[in-house]
Amino acid sequence: MPELPEVETLKRELSKDLTGKTISHVRIRDTMIVSRQSPKKFIKRLVGKTVSEVSRRGKAIVISFRQGDHLIVQLAMTGQPNYGSALKTAKVVFELSNGQYLNYNDTRRFGRLSVIKDFDDSPFLQSLGPEPLGRDFNVKWLAKALQRRKSPIKSLLMNQSFLAGIGNIYASEILFRCGIHPQRPALSLKDNEITLLYQEIVGVLKEAIKFKGSSINTYRNTKGLKGTFHNRIQVYGKHLEKCPRCPFLIQRIFMAGRSTFFCPNCQPIRPFPAYPSTFARDGSREW
DNA sequence: CGGGGCTCCTGTGCGC
DNA sequence: TGCGCACAGGAGCCCC
């Protein structure tokens with residue numbers, strides 16, 4: 001369910017809620033959520049620990065403790081951290097020193113909580129590509145990273161070991177804003193398109209964070225409130241609706257089993273040159 | 001190594 | 001109303 005903007009929103013809230021609090025009790029109602037570790041050891045490593053910092057890496061929340069160790073929260077599709085009173089439906093409940101609770105809800109049970117000593121201990125964290133809103137991510141890096149990549153650009157944007165944090169909604173939204181067809185091979189992108197792609201990756205994610213994420217279906221913040229970026233979404237889930245920029249209808253196709261939304265006119269599979277710079281000096285087109 | 005397909009689960013919405 | 005099917009913001013594993 002949550003992608004980078006939603007997880008970033010949750011992280012900011014959890015940082016306020018949890019920093020300085022000590023875990024006094026842990027209750028695991030569904031051991032599957034902790035399946036990588038034994039529930040007993042999981043609890044033993046957390047009780048008595050004080051939260052020093054809450055951070056984010058890609059779509060994962062990282063809760064770090066003064067006494068050492070980090071709690072990695074992978075929300076997957078329906079994971080929902082909630083702060084306040086204890087919830088009976090929560091899969092895992094953390095009681096805090098101030099009498100409040102951190103609940104972990106997860107109807108589909110795909111999410112995972114794990115305690116690690118160092119980031120090196122987590123193959124998942126190790127596998128992640130750069131942060132799209134971090135210093136390592138820039139046009140030069142992107143241009144180089146797209147070289148020799150034959151895979152469709154949308155698949156690559158969603159590949160967490162390529163770039164960490166973009167999921168199914170934002171991949172479609174970013175490519176629509178760029179006018180790039182989701183099935184274009186990554187290596188076919190021209191310099192102007194790569195620059196635009198960089199700008200829209202950063203632009204869409206920042207804007208979505210500003211609006212506290214998208215609550216299309218089940219996403220809620222730690223207080224149960226919705227984000228509002230879904231009001232600004234242009235193509236995701238809008239197949240058979242009119243494109244916001246032209247008279248064509250938004251299409252849905254499936255790529256690697258995931259719904260993909262785009263405008264066949266604004267995002268042609270054979271890109272029409274968008275700018276004069278794509279014309280050669282003699283006036284002929286590159287394509 | 002890269003990338004596609006299948007799978008883990010539960011809930012919801014739709015057509016019949 | 002009820003049933004069956006399609007589909008859902010993720011990612012691990014297997015396979016070529």
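## Close-up views of a predicted model

**View 1. Phosphate contacts of DNA strand C.** In this predicted model, Ser259 places a polar side-chain atom 2.4 Å from a phosphate oxygen of DNA strand C. For Arg258, an N or O atom of the side chain is 2.4 Å from a phosphate oxygen of DNA strand C. Helix H6 (168-178), strand S9 (251-255) and strand S10 (258-262) are the elements that give two or more residues to the surface near DNA strand C. Helices (H or I, at least four residues) and strands (E, at least two) are DSSP runs, numbered from the N terminus.

View 2. Of the 26 residues around DNA strand C, the nearest are Met1, Lys59, Tyr236, Arg258 and Ser259. Of the atoms of DNA strand C that come within 4 Å of the protein, 58% belong to sugar and phosphate. A residue is near the strand if one of its heavy atoms lies within 4 Å of it. The surface near DNA strand C has eleven nonpolar, nine polar and six charged residues. Here Ala, Val, Leu, Ile, Met, Phe, Trp, Tyr, Cys and Pro count as nonpolar, Asp, Glu, Lys and Arg as charged, and the others, Gly among them, as polar.

**View 3. The four-stranded sheet.** Four strands form an open sheet in the order S2-S3-S4-S8, with antiparallel pairing. Strand S2 (51-57) and strand S8 (112-116) are at the edges with a single partner strand each, so one side of each has no neighbour in the sheet. Two strands pair if DSSP finds at least two bridges between them. Strand S4 (residues 70-74) pairs with S8 over five bridges, and Gln74 stands opposite Arg112 in S8.

**View 4. Helices across the sheet.** Helix H1 (residues 4-18) lies across S2 and strand S3 (60-65), at about 175 degrees to S2. Helix H2 (residues 39-46) lies across S3, S4 and S8, at about 60 degrees to S8. Contact means heavy atoms within 4.5 Å; axes are lines fitted to C-alpha atoms, for helices over the stretch in contact, and angles run from 0 to 180 degrees between N-to-C directions.

**Notes.** Residues are numbered from 1 along each chain as its sequence is written, and chains are lettered from A and ligands numbered from 1 in the order in which they are written. Local features need pLDDT of at least 70, side-chain atom pairs count only at pLDDT 80 or more, and totals for chains, interfaces and linings use all residues; side-chain values use heavy atoms, with hydrogens and water left out.

Conventions. A polar contact is a pair of N or O atoms within 3.5 Å; within protein, one must be able to donate a hydrogen and the other to accept it, and residues adjacent in sequence count only if both atoms are side-chain atoms.
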